[in-house]
Amino acid sequence: MAASELAPVMLVAGGTGSVGAEVAREAAAQGWRVIVQGRDAAKLSELVARLGAPADFVVGDVAQPDAAQTIVAAAAAKFGRIDAVIDCVSTGPREGRLTGLFKDTTPEHYAAFYDLSAAWFQRLAHAAYPHLAERGGTLVGFISDAGKFAAPRQTIVGAARAAEIGFVRNLAVEAARDGIRVHAIAPSYVLESRTAALMGSERMETAAKRAGLGLPTAADIAPMTVFLCGPGAAKITGQIISVNGGLNA
Ligand SMILES: NC(=O)c1ccc[n+]([C@@H]2O[C@H](COP(=O)([O-])OP(=O)(O)OC[C@H]3O[C@@H](n4cnc5c(N)ncnc54)[C@H](OP(=O)(O)O)[C@@H]3O)[C@@H](O)[C@H]2O)c1
């Protein structure tokens, strides 16, 4: 597909992150016009320059009121259309204790975390819906295997991610009538990501031993993401796809 004025447009929210930057790179390589969203204009500008395709950026903090509306409106104004929205924003847990043993978590932080994960994605989907309905577009949320597979120390994160799965599957059935496809991709551990650095090498090595295919990098996740938005996936919707190297199945 040649990048041109007719090329479809992808908005990658959280485009400066480990996964988002790789999704943007893969989409640009496949001929998409790309808009990346993040909080840091300098980082975004550098990323856009590297993409080597028609690309632009939108600065926005998802914690701000009306962020979804503002970000989507600014993105739509860049190339006059949006054909795919990928949510790679990762907002937490940043405060309090939301992972770890449930008895040690801090209940006063649950609501903020739900709001900036599950409810943020719902607000983004709502703002993007009319744009995606124009030509039959695709919405892909990034969640986590914790929403699909039970594990200790993931009760709060797993619950928020499971809420996103319920949203994606229900919306997919409804939005198909408007030609919109909706999916979620669930990584587990992503090599060379910021999260991997936070988890530490010991935990990553333990996970790597369990993943028969080897843990993925963001570059292993991006092609699936872009495929779901393309014509080869025209009849696929409502799927929650793990890319985890065989860690969970
Ligand atoms: N990496 C993993 O091991 C892993 C495992 C399971 C699931 N996941 C999920 O996969 C998705 C992508 O993860 P990742 O590794 O790419 O995350 P990441 O590298 O931490 O990137 C997070 C992105 O979210 C943006 N962001 C954070 N807070 C924001 C805010 N308040 N407003 C606007 N943007 C904000 C960051 O922007 P800045 O550059 O401005 O900070 C960055 O672009 C996330 O949903 C994550 O939970 C990742």
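User: In which loop does Arg-81 lie?
Analyst: Arg-81 lies between a helix and a strand, and both element types are DSSP runs numbered from the N terminus (helices are H or I with at least four residues, strands are E with at least two). Before going on: this is a predicted model, where local features need pLDDT of at least 70, side-chain atom pairs count only at pLDDT 80 or more, and totals for chains, interfaces and linings use all residues. Residues are numbered from 1 along each chain as its sequence is written, and side-chain values use heavy atoms, with hydrogens and water left out. The loop holding Arg-81 is the one between helix 3 (67–79) and strand 4.

User: Is Arg-81 buried or exposed?
Analyst: The classes go by relative accessible area with a 1.4 Å probe on protein chains only: under 20% is buried, over 50% is exposed, and in between is partly exposed. Arg-81 comes out at 16% relative accessibility, so the class is buried.

User: Which side chain does Arg-81 join in a polar contact of 2.8 Å?
Analyst: A polar contact is an N or O pair within 3.5 Å; within protein, one atom must be able to donate a hydrogen and the other to accept it, and residues adjacent in sequence count only if both atoms are side-chain atoms. Arg-81 also has plain contacts (heavy atoms within 4.5 Å), and beyond four places in sequence it touches residues including Leu-6, Pro-8, Arg-33 and Arg-135. The 2.8 Å polar contact, side chain to side chain, is with Asp-83.

User: Why does Thr-105 count as buried?
Analyst: Thr-105 is in the loop between strand 4 (84–87) and helix 4 (110–135). Skipping neighbours within four places in sequence, it has contacts with Arg-97, Leu-98, Thr-99, Gly-100, Tyr-110 and Ile-156. Thr-105 gets the buried label because its relative accessibility is 7%.

User: Which side chain does a polar contact of 2.8 Å join to Thr-105?
Analyst: One of the residues in contact with Thr-105 comes up again here. The partner across that 2.8 Å polar contact is Tyr-110.

User: What separates the C-alpha atoms of Arg-97 and Pro-107?
Analyst: Arg-97 belongs to the loop between strand 4 and helix 4, and it counts as partly exposed because its relative accessible area is 39%. Leaving out neighbours within four places, Arg-97 is in contact with Asp-104, Thr-105 and Thr-106. Arg-97 and Pro-107 are 10 residues apart along the chain, and their C-alpha separation is 8.5 Å.

User: How far apart in space are Asp-115 and Ala-160?
Analyst: Asp-115 is placed in helix 4, with a relative accessible area of 34%, so it's partly exposed. Its side chain makes a polar contact of 2.9 Å with that of Arg-123, and Asp-115 also touches Trp-120. Ala-160 is 45 residues from Asp-115 in sequence, yet the C-alpha to C-alpha distance is 9.2 Å.

User: What is the phi of Asp-66, which is not a glycine?
Analyst: Most residues other than glycine have a negative phi. Asp-66 is in the loop between strand 3 (55–59) and helix 3, and at 59% relative accessibility it counts as exposed. Its phi is positive, at about 60°.

User: And what about the phi of Glu-192, which is not a glycine either?
Analyst: Glu-192 is in the loop between strand 6 (181–187) and helix 6 (194–199). Glu-192 counts as exposed because its relative accessibility is 73%. The phi there is positive too, at about 65°.

User: What volume does the largest cavity have?
Analyst: A cavity is a set of points on a 1 Å grid over the protein atoms alone where a 1.4 Å probe fits but cannot get out, and its lining residues have an atom within 4 Å of a point. Points are joined across faces, edges and corners, and the volume is the space filled by probe spheres set on them. The count is 1 cavity of 30 Å³ or more. The largest cavity has a volume of about 30 Å³.

User: Which helix gives the most to the lining of the largest cavity?
Analyst: The lining is Ala-125, Tyr-129, Leu-132, Leu-139, Leu-171, Ile-180 and Val-182. By class that's 7 nonpolar, no polar and no charged residues, with Ala, Val, Leu, Ile, Met, Phe, Trp, Tyr, Cys and Pro as nonpolar, Asp, Glu, Lys and Arg as charged, and the others, Gly among them, as polar. With 3 residues, the top contributor is helix 4.

Note on methods: On a 1 Å grid over the protein atoms alone, a cavity is a set of points where a 1.4 Å probe fits but cannot get out, and a pocket is an open set with protein on both sides within 12 Å along at least five of seven lines; lining residues have an atom within 4 Å of a point.
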